[in-house]
Amino acid sequence: MEKLTTLGASRETRSFAARVARQITESSDRLWTYRDFPDLPATAVSQTLSRLARKGTVTRVRKGLYYRPRMTVVGVSKPSAAMLWGEAFRHTAQPTGTTAANVLGLSTQNPARLEYATTASDPPTGLGDPKMAVRRPRSRQRLSDHEGAILEVLRARANTSELGPHATIEKITRLLTKDDTFTKLVEVASEEPPRVRAMLGALGDEIGADPSLLKQLRGSLNKLSRFDFGHLRSLRYARQWQAK
């Protein structure tokens with residue numbers, strides 16, 4: 001009986017390893033850790049990552065962190081600084097400023113100093129010299145990097161976008177319609193500045209969002225306030241959402 005149990009466990013481990021290897025092999029230009037497989041045993045995932053590193057399928061960046069490269073015209077790719085920072089701050093920070101605009105496809109600029117906004121009270125040390133904004137709402141930890149970056153772009157009134165006003169609006173509205181992004185942002189919007197809620201509402205009207213979500217945003221605004229929408233002032237519903 002013990003031998004059969006051991007055999008079953010071995011088969012299960014091989015199944016876990018095959019799943020991890022398949023998912024990683026099918027990817028490119030991204031980082032992997034055991035946290036990317038929360039439903040699998042961490043030990044099995046870590047062993048598979050180590051084995052793939054020995055085979056050259058991934059490269060070891062540091063303990064527990066691996067990179068699946070892609071082939072470029074100048075050779076094998078390497079993880080970007082933004083990618084490494086994103087992993088270092090996973091669930092506690094998101095891109096801001098020009099870095100956020102770049103991540104969302106609103107800018108081609110790569111700032112000399114990466115810019116991140118973190119929920120921490122003090123910026124972390126020992127990870128280079130990024131420009132950090134601190135004390136963002138803890139509800140941000142429920143968001144992905146892209147979702148948090150959208151809020152950061154709205155905080156900046158989309159003035160970090162290199163695109164024209166209409167192209168900027170088109171790009172942001174397209175992002176909001178993917179994977180319930182608009183709903184997720186409304187869920188955490190109560191802790192964001194009023195201007196962010198107002199712009200989010202105007203964008204929600206633009207994409208025909210659920211009226212109950214729009215009502216939630218509208219109800220959170222002081223009716224006497226007026227907000228600078230910056231690069232988003234040409235939104236069709238800007239005036240209805242108290243734009244100056």
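Visitor: Take contacts between residues at least 6 apart in sequence: what share join residues at least 24 apart?
Guide: In the protein chain, 59% of those contacts do. Keep in mind that this is a predicted model.

Visitor: How many helices and strands are there in the chain?
Guide: The protein chain has nine helices and eight strands.

Visitor: And what percentage of the residues count as buried?
Guide: The figure is 42%, out of 244 residues. The chain's accessible surface is about 13,600 Å². Carbon and sulfur atoms account for 50% of that surface.

Visitor: Let's switch to helix packing. At what angle do the axes of α5 and α7 cross?
Guide: Roughly 65 degrees. The axes come within 11 Å. Helix α5 spans residues 145–155, and helix α7 spans 181–188.

Visitor: Is that crossing left-handed or right-handed?
Guide: Right-handed, as α5 passes α7.

Visitor: Which residues meet there?
Guide: From α5, E147, I150 and L151. They meet T181, K184, L185 and V188 in α7. By class, the contact has four nonpolar residues, one polar and two charged.

Visitor: New topic. Where is E26?
Guide: In the loop between α1 (2–25) and β1 (30–32).

Visitor: Why does E26 count as exposed?
Guide: Because its relative accessibility is 65%, and exposed means over 50%.

Visitor: How far apart are the C-alpha atoms of E26 and R68?
Guide: They are separated by 9.5 Å. Along the chain, E26 and R68 are 42 residues apart.

Terms used:
Residues numbered from 1 in each chain as written. Predicted model: local features only at pLDDT ≥ 70, side-chain atom pairs only at ≥ 80, totals over all residues. Heavy atoms only, no water. Axes fitted to C-alpha atoms, helices over the stretch in contact; angles between N-to-C directions. Helix = DSSP H or I, 4+ residues; strand = E, 2+ residues; numbered from the N terminus. Left-handed = near helix turned anticlockwise from the far one by under 90°. Contact = heavy atoms within 4.5 Å. Nonpolar A, V, L, I, M, F, W, Y, C, P; charged D, E, K, R; others polar. Buried < 20%, exposed > 50% of the residue type's maximum accessible area, 1.4 Å probe, protein only. Areas by Shrake-Rupley, 256 points an atom, 1.4 Å probe, with all protein chains shown as cover.
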